[in-house]
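Here are a few notes to read with the model open beside you.

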Amino acid sequence: MGEQRGAAVIGLGMMGERHAQVWKELPTTRLVSVYDVVEERAQEVAEQLGCEAAGSLEEAVRADGVQIVSVCTDDQAHREACVAAAEAGCHVLVEKPLATTLEDCDAIIDACERAGVKLMTGHICRFDAHYTRCRDAVQAGEVGEIVQVFARRNNIVPSGRRIGPRTSVAYFLGVHDIDLIHWVTGKRITRVHAEASSKVLADIGADDSIMTVFRMEDDSVGALETCWVIPEGSPNSLDARLEIVGTLGRVAARVGGEGFEQASQERAMRPDIVYWTEMHDRAYGGLRRQLEHFADCVIEDREPSVTPQDARAAVAVAEAIHRSLETGAPAEVGT
Ligand SMILES: NC(=O)c1ccc[n+]([C@@H]2O[C@H](COP(=O)([O-])OP(=O)(O)OC[C@H]3O[C@@H](n4cnc5c(N)ncnc54)[C@H](O)[C@@H]3O)[C@@H](O)[C@H]2O)c1
């Protein structure tokens with residue numbers, strides 16, 4: 001086995017801790033340092049996983065041996081950490097969305113280009129076979145020309161309560177499907193018309209649901225459903241669909257109701273075993289495959305599966321969705 005690449009993680013919430021665990025476990029990488037604005041959090045994760053707790057962003061990305069940095073801060077706080085990591089000469093894996101403005105996307109992309117480092121956004125669904133099978137069929141021409149696309153991503157309400165004050169359901173959930181629609185079809189969304197509803201999360205000023213109708217560059221049409229207030233008692237914490245109807249065929253993926261169910265006297269649950277699960281004390285699932293892919297791209301000097309322009313294109317659509325919500329009219333997707 002060759003030299004292990006050192007990794008650092010910035011932002012140690014739910015996702016950051018998972019990134020850190022995978023960097024520690026992969027045979028090609030080792031976890032060197034972690035950083036969070038909440039100092040005790042960095043100390044806690046460092047102690048648990050056996051690495052350095054950095055006292056600052058700079059200290060984390062410049063720690064001895066760090067070559068890969070995962071940025072897992074809140075959606076709107078990706079820019080500073082990505083730019084610092086790139087300027088320290090590290091390859092950057094940033095959680096989705098790349099950023100919440102095109103200006104931040106461009107600053108991150110420019111910093112990585114200037115430094116000559118790789119940049120990948122964690123569009124994790126590209127590492128889920130439900131969706132890779134859709135793409136393979138569409139790209140092989142088995143569906144023919146695209147006629148219509150439907151995507152849904154609904155989460156239970158704790159997710160909206162936790163994240164709602166910081167970002168929107170379009171940036172947090174919608175970008176997954178926007179990226180998938182672009183990637184699976186090979187076509188970009190060009191115009192959107194969105195409507196939103198806010199009842200459950202009105203007290204925190206967040207939309208509960210955003211429904212978007214869109215047109216694509218090949219004149220196909222589609223609908224995107226994003227909601228993060230489905231009842232907590234629902235068995236599935238995630239209900240996600242993708243359906244593509246073409247002139248020759250149809251592909252459809254359904255994620256969130258996998259064949260594992262657990263029930264107590266009060267409720268039944270179908271927890272995620274696709275993106276994150278542990279088996280024999282090791283992490284498995286989409287997140288591990290995504291990080292493994294990025295490490296392999298660094299080691300073999302290959303272009304990662306999600307290009308910076310792909311990630312920027314998903315943000316451009318989310319931005320257009322918000323423009324449409326503000327004006328009440330259709331919005332062209334910016335370039
Ligand atoms: N790929 C997926 O399936 C998936 C799932 C959930 C979240 N995410 C993405 O991961 C990112 C993090 O989400 P989360 O759910 O882990 O959030 P979280 O709230 O659980 O964690 C965010 C952490 O970042 C820290 N932080 C905030 N600003 C910081 C800064 N400037 N410097 C250092 N630390 C900072 C916070 O203290 C917190 O510990 C978001 O971009 C989110 O959209 C991806």
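Predicted model: local features only at pLDDT ≥ 70, side-chain atom pairs only at ≥ 80, totals over all residues.

**Notes on a helix pair and a domain interface**

1. To start with the contact: from helix 4, the residues Arg-79, Cys-82, Val-83, Ala-86 and Glu-87 touch Glu-103, Asp-104, Ala-107, Ile-108, Ala-111, Cys-112, Arg-114 and Ala-115 of helix 5. Sorted by class, that contact holds 8 nonpolar and 5 charged residues, with no polar ones.

2. On the geometry, helix 4 covers residues 79-87 and helix 5 covers residues 102-115. Their axes lie 8 Å apart, and the packing angle is about 10°. Angles under 35 degrees count as roughly parallel, so helix 4 and helix 5 are roughly parallel to each other.

3. Stepping back to the whole chain, the domain assignment gives domain 1 as 5-117 and domain 2 as 126-280 + 313-332. Taken over C-alpha atoms, the centres of domain 1 and domain 2 are 26 Å apart. Domain 1 puts 15 residues into the contact, and domain 2 puts in 12 residues.

4. How much area is buried between domain 1 and domain 2? The figure is about 1200 Å², and carbon and sulfur atoms give 59% of it. On the domain 1 side, look at Arg-18, Lys-96 and Leu-102: they supply 39% of the area that domain 1 buries against domain 2, more than any other three residues.

5. For charged pairs, the rule finds 1 salt bridge across the interface of domain 1 and domain 2.

Conventions: Residues numbered from 1 in each chain as written. Heavy atoms only, no water. Axes fitted to C-alpha atoms, helices over the stretch in contact; angles between N-to-C directions. Helix = DSSP H or I, 4+ residues; strand = E, 2+ residues; numbered from the N terminus. Parallel < 35°, antiparallel > 145°, perpendicular 65-115°, else oblique. Contact = heavy atoms within 4.5 Å. Nonpolar A, V, L, I, M, F, W, Y, C, P; charged D, E, K, R; others polar. Domains from an automatic or database assignment. Buried area = accessible area lost by both parts, 1.4 Å probe. Salt bridge = Lys/Arg side-chain N within 4 Å of Asp/Glu carboxyl O.
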